[in-house]
Amino acid sequence: MAMRKLAGACCVAALAYAAVSAAAPAQARAVVDIAIGVAPPPLRVEHAGVRAGYVWAPGYWHWNGAHHVWIGGRWVVARPGYRYVGARWVRIGPDWHFRHAHWVRL
């Protein structure tokens, strides 16, 4: 009888852990819209060249809460069948909104 209670308790604990674990990735993908009234400075010119199997992720201006900070470009592994869209700022009305880098299926 004690073994059945222990098995039942373990089953409940395992189900609770599975529910929490399944919810965690959804939280990790949360999108936060950053909107500020300060325009980013002009983009910096970066010379990347060509590298087989990679695409260049251009640099962008990051807002640190007080001012813009330049984040330099980098190489990312290419994804066949996708196009890379770099991070950027978009003006919507009086505010500037940050758009994260992402892949678009071709």
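These legends describe close-up views of one predicted model.

Local features rest on residues with pLDDT of at least 70, and side-chain atom pairs count only at pLDDT 80 or more, while totals for chains, interfaces and linings use all residues. Residues are numbered from 1 along each chain as its sequence is written, and side-chain values use heavy atoms, with hydrogens and water left out.

View 1. Helices (H or I, at least four residues) and strands (E, at least two) are DSSP runs, numbered from the N terminus. The order from the N terminus is α-β-β-β-β-β-β-β-β-β. The chain has 106 residues, and 16% of them count as buried. Buried means under 20% relative accessible area, exposed means over 50%, and partly exposed lies in between (1.4 Å probe, protein chains only). The chain exposes about 8000 Å², and carbon and sulfur atoms supply 64% of that area. Accessible areas come from the Shrake-Rupley method with a 1.4 Å probe; for residues, only the protein chains shown count as cover. A contact means heavy atoms within 4.5 Å. Among contacts in the chain with a separation of 6 or more, 44% join residues 24 or more positions apart.

**View 2. Strands E1, E8 and E7 form an open sheet, in that order.** The pairing is antiparallel. Two strands pair if DSSP finds at least two bridges between them. Strands of a sheet pair through backbone hydrogen bonds, either parallel or antiparallel. E1 and strand E7 (88-92) are the edge strands, because each pairs on one side only. Two bridges link E1 and E8. Five bridges link E7 and E8. Trp96 in E8 stands opposite Ile36. Arg91 also stands opposite Trp96. The hairpin of E7 and E8 has two residues between the strands. In this hairpin, Gly93 takes a positive phi near 65 degrees.

**View 3. Eight residues make up the largest nonpolar core.** Its members are Ile36, Trp61, Trp63, Trp70, Ala87, Trp89, Trp96 and Phe98. A nonpolar core is a set of buried Ala, Val, Leu, Ile, Met, Phe, Trp, Tyr and Cys residues joined through side-chain atoms within 4.5 Å. Strand E3 (60-63) and E8 are the elements that give two or more residues to this core. Trp89 touches Ile36, Trp61, Trp63, Trp96 and Phe98, among others. Its contacts also include Ile34, Pro40, His68 and His97; residues up to four places away in sequence are not counted.

**View 4. His68 is buried, with a relative accessible area of 12%.** His68 lies in strand E4 (residues 68-71). The side chain of His68 has a polar atom 3.3 Å from the backbone oxygen of Val38. The side chain of His68 also reaches the backbone oxygen of Ala39, at 3.4 Å. Residues that His68 touches include Pro40, Pro41, Trp61, Trp63 and Trp89.

**View 5. Arg99 and Asp33 form a salt bridge.** A salt bridge is a side-chain nitrogen of Lys or Arg within 4 Å of a carboxyl oxygen of Asp or Glu. By this rule, the count is one. The closest N and O atoms of Arg99 and Asp33 are 3.3 Å apart. Arg99 lies in strand E8 (residues 95-99), and Asp33 lies in the loop between helix H1 (2-28) and strand E1 (35-36), so the pair ties together parts that are 66 residues apart in sequence. Arg99 is partly exposed, at 28% relative accessible area. Asp33 is partly exposed too, at 46%.

**View 6. His97 makes a side-chain polar contact with Asp33.** The distance is 2.9 Å. A polar contact is a pair of N or O atoms within 3.5 Å; within protein, one must be able to donate a hydrogen and the other to accept it, and residues adjacent in sequence count only if both atoms are side-chain atoms. His97 is found in strand E8. His97 is buried, with a relative accessible area of 11%. Residues that His97 touches include Ile34, Ala35, Arg88, Trp89 and Val90.

**View 7. Tyr82 touches Trp103, Val104, Arg105 and Leu106.** Tyr82 lies in strand E6 (residues 82-85). Tyr82 is partly exposed, with a relative accessible area of 23%. The side chains of Tyr82 and Arg105 are joined by a polar contact of 2.8 Å. Tyr82 and Val104 are 22 residues apart in sequence, and their C-alpha atoms are 5.3 Å apart in space.
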